[in-house]
Amino acid sequence: MHLSEVFQNLVLQQAATLAGSKPTGRPRTLSDEDALRDIFRVLRTGMQWRELDAIPGEVHYTTVFRRFRTWGSAHVFETAYTRALQTYRRLRRVQHYCVDSSYVKNRFGRRCVGRNHTDRGRKALKLSLLVDDLGVTHGVCSHPGNRPDVVLLEDTLRSALLPLESVPLYADRGYDSRRNRALCEAHGLRDRIFRRRTKTVRRTNARRIVVEHAFAWLDAFRRLLHCYEQGPEPFVAFVLLALGHRLGKRLEREERW
């Protein structure tokens, strides 16, 4: 699996502007193209950073790791994904949004980590996604693992990379509250949050299945099955890289048609 050419070009364009801001210093021994290729390899295979040294012809793994941290701190992946999302929004209009969260086990986390009450109290974080009717992510954020879904909606809506359209918002019963319904109205969204006492059937869940598919797509990248970083920022950067790859593939198909 190779990184989408569309998203790769967007990341490299943003990284080039970042590299041009430092005219002094030693010349780089690793190009941005090679660094991005190695970062995507770590994301796809779930390998440790130090395993990059075992590949013949590669530079030291700390060089790749520092490049990844620099790009993450400068929001390179977020900016590139936002630009790809703008192109996607020009091609089609959003029909509705869906929101949900998922647990991710954390190995060495110290920040934004809470007890996962569903897994014997082990540490975990929650990943929240805001997707459209095709499963394309419009917002992503992380929370401590012990926070209930009912308090996550505000941060999830705030994480939207582009202004939200006035379309229905679907969510499961875990988001049902008066405050969340008021948040939908404040953001111009039509409230479609399931009531706690209503029985969900296949027809009602058909609108929400796209967000479950989005989490399943992320599970194809082994690095995202667990969070090995101490903080949530590198993990979210990996998530944006994976989402950008998926969105880039979709844009490539649109260009062929």
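**View 1. Salt-bridge network of R147, E154, D155, R158 and R179 in the predicted model.** Salt bridges link R147, E154, D155, R158 and R179 into a network; a salt bridge here is a side-chain nitrogen of Lys or Arg within 4 Å of a carboxyl oxygen of Asp or Glu. Across the whole structure, the search finds 19 salt bridges. The model is predicted, and local features need pLDDT of at least 70, side-chain atom pairs count only at pLDDT 80 or more, and totals for chains, interfaces and linings use all residues. Residues are numbered from 1 along each chain as its sequence is written, and side-chain values use heavy atoms, with hydrogens and water left out.

**View 2. Salt bridge between D32 and R67.** The side chains of D32 and R67 meet at 2.9 Å, N to O. D32 belongs to helix α2 (residues 32-45) and R67 to helix α3, so that distant parts of the chain, 35 residues apart, are linked. Helices (H or I, at least four residues) and strands (E, at least two) are DSSP runs, numbered from the N terminus. Both residues, D32 and R67, are buried, where buried means under 20% relative accessible area, exposed over 50% and partly exposed in between (1.4 Å probe, protein chains only).

**View 3. Salt bridge between D100 and R208.** The closest N and O atoms of D100 and R208 are 3.0 Å apart. Because D100 lies in strand β1 (residues 97-106) and R208 in the loop between α7 (202-205) and α8 (209-218), the pair ties together parts that are 108 residues apart in sequence. D100 counts as buried at 5% relative accessibility, and R208 counts as buried at 9%.

View 4. R181 forms a salt bridge with D176, with 2.7 Å between the closest N and O atoms. Relative accessibility is 13% for D176, which counts as buried; R181 is buried too, with a relative accessible area of 14%. Beyond its neighbours within four places in sequence, R181 is in contact with D176, D191, I193, F194 and R195, contact meaning heavy atoms within 4.5 Å.

**View 5. Aromatic cluster of W49, F65, F68, W71, F77 and F238.** Ring pairs link these six residues into a cluster. Rings of Phe, Tyr and Trp (its six-membered ring) pair if their centres lie within 6.5 Å; planes under 30 degrees apart count as stacked, over 60 as edge-to-face and the rest as tilted. By this rule there are seven aromatic pairs. W49 and F65 form an edge-to-face pair, 5.4 Å centre to centre with 70 degrees between the planes. W49, in the loop between α2 and α3, and F65, in helix α3, are 16 residues apart. W49 is buried, with a relative accessible area of 10%, whereas F65 counts as partly exposed at 30%.

**View 6. Second largest pocket and H75.** The volume of the second largest pocket is about 380 Å³. A pocket is an open set of points on a 1 Å grid over the protein atoms alone where a 1.4 Å probe fits, with protein on both sides within 12 Å along at least five of seven lines; lining residues have an atom within 4 Å of a point. Of its 20 lining residues, G72, H75, E233, V236 and A237 lie nearest the centre. α9 gives the most to the lining, with six residues. H75 sits in the loop between α3 and α4 and has a positive phi of about 60 degrees although it is not a glycine. Most residues other than glycine have a negative phi.

How values were computed
Points joined across faces, edges and corners; volume = space filled by probe spheres on them.
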